[in-house]
Amino acid sequence: MNPLSLFGLIAVTLMVTFYALENRSAWCVLGFAIACVMGSIYGFLQGAWPFGLVEGIWTFIALRRWWYARLKTDHGD
């Protein structure tokens, strides 16, 4: 396994892990967003720009969800 494939494996593994844990904490949502950035980088580096683009979009969706989850936690709702 080359370093780029290992990076992609780690990114996707983190995405699945943090996605499964999202209901536990806003930090898990942020972890998912960071893993999406990693997945996007991987997609672009390996030449699959559609994958990189979609993962980039997921990053912004996850960051928005993290922002709202953080606000909800801060206000005790």
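Cys-36 counts as buried because its relative accessible area is 0%; buried means under 20%, exposed over 50% and partly exposed in between, with a 1.4 Å probe and protein chains only. The model is predicted, so local features need pLDDT of at least 70 and side-chain atom pairs count only at pLDDT 80 or more, while totals for chains, interfaces and linings use all residues. Residues are numbered from 1 along each chain as its sequence is written, and side-chain values use heavy atoms, with hydrogens and water left out.

**Overall layout**

The protein has three helices and zero strands, in the order α-α-α from the N terminus. Helices (H or I, at least four residues) and strands (E, at least two) are DSSP runs, numbered from the N terminus. Along the principal axes, the C-alpha atoms fill a box of roughly 45 × 20 × 15 Å. Of the 77 residues, 31% count as buried. The accessible surface comes to about 5300 Å², and 70% of it belongs to carbon and sulfur atoms; these areas come from the Shrake-Rupley method with a 1.4 Å probe, and for residues only the protein chains shown count as cover.

Contact means heavy atoms within 4.5 Å. Among contacts with a separation of 6 or more, 50% are between residues 24 or more positions apart.

**Core and cysteines**

Cys-36 belongs to the largest nonpolar core, six residues in all, together with Met-15, Phe-32, Ala-33, Ala-35 and Ala-62. H2 supplies the largest share of this core, four residues. Such a core is a set of buried Ala, Val, Leu, Ile, Met, Phe, Trp, Tyr and Cys residues joined through side-chain atoms within 4.5 Å. Leaving out residues up to four places away in sequence, Ala-62 touches Val-29, Phe-32 and Ala-33.

The whole structure holds zero disulfides, a disulfide being a pair of cysteine sulfur atoms within 2.5 Å. The sulfur of Cys-28 has its closest cysteine sulfur in Cys-36, 13 Å away, which is too far for a bond.

**Salt bridge**

Side chains of opposite charge can pair when their charged atoms come close. A salt bridge is a side-chain nitrogen of Lys or Arg within 4 Å of a carboxyl oxygen of Asp or Glu, and the count by this rule is one. Glu-22 pairs with Arg-65, with the closest N and O atoms 2.7 Å apart. The pair links distant parts of the chain, 43 residues apart: Glu-22 lies in the loop between helix H1 (3-21) and H2, and Arg-65 in helix H3.

**Accessibility of selected residues**

| Residue | Relative accessible area | Class |
|---|---|---|
| Glu-22 | 9% | buried |
| Cys-28 | 13% | buried |
| Ser-40 | 10% | buried |
| Ile-57 | 47% | partly exposed |
| Arg-64 | 55% | exposed |
| Arg-65 | 35% | partly exposed |

Ser-40 sits in helix H2 (residues 26-45). Apart from neighbours within four places in sequence, Ser-40 is in contact with Gly-52, Glu-55 and Gly-56.

**Surface patch**

Phe-44, Trp-49, Leu-53, Val-54, Ile-57, Trp-58 and Ile-61 make a nonpolar surface patch of about 710 Å². Patches are made of residues with over 30% relative accessible area and no salt bridge: like charges are joined within 9 Å, nonpolar side chains (Val, Leu, Ile, Met, Phe, Trp, Tyr) within 5 Å. Helix H3 (residues 49-74) gives the most to the patch, with six residues.
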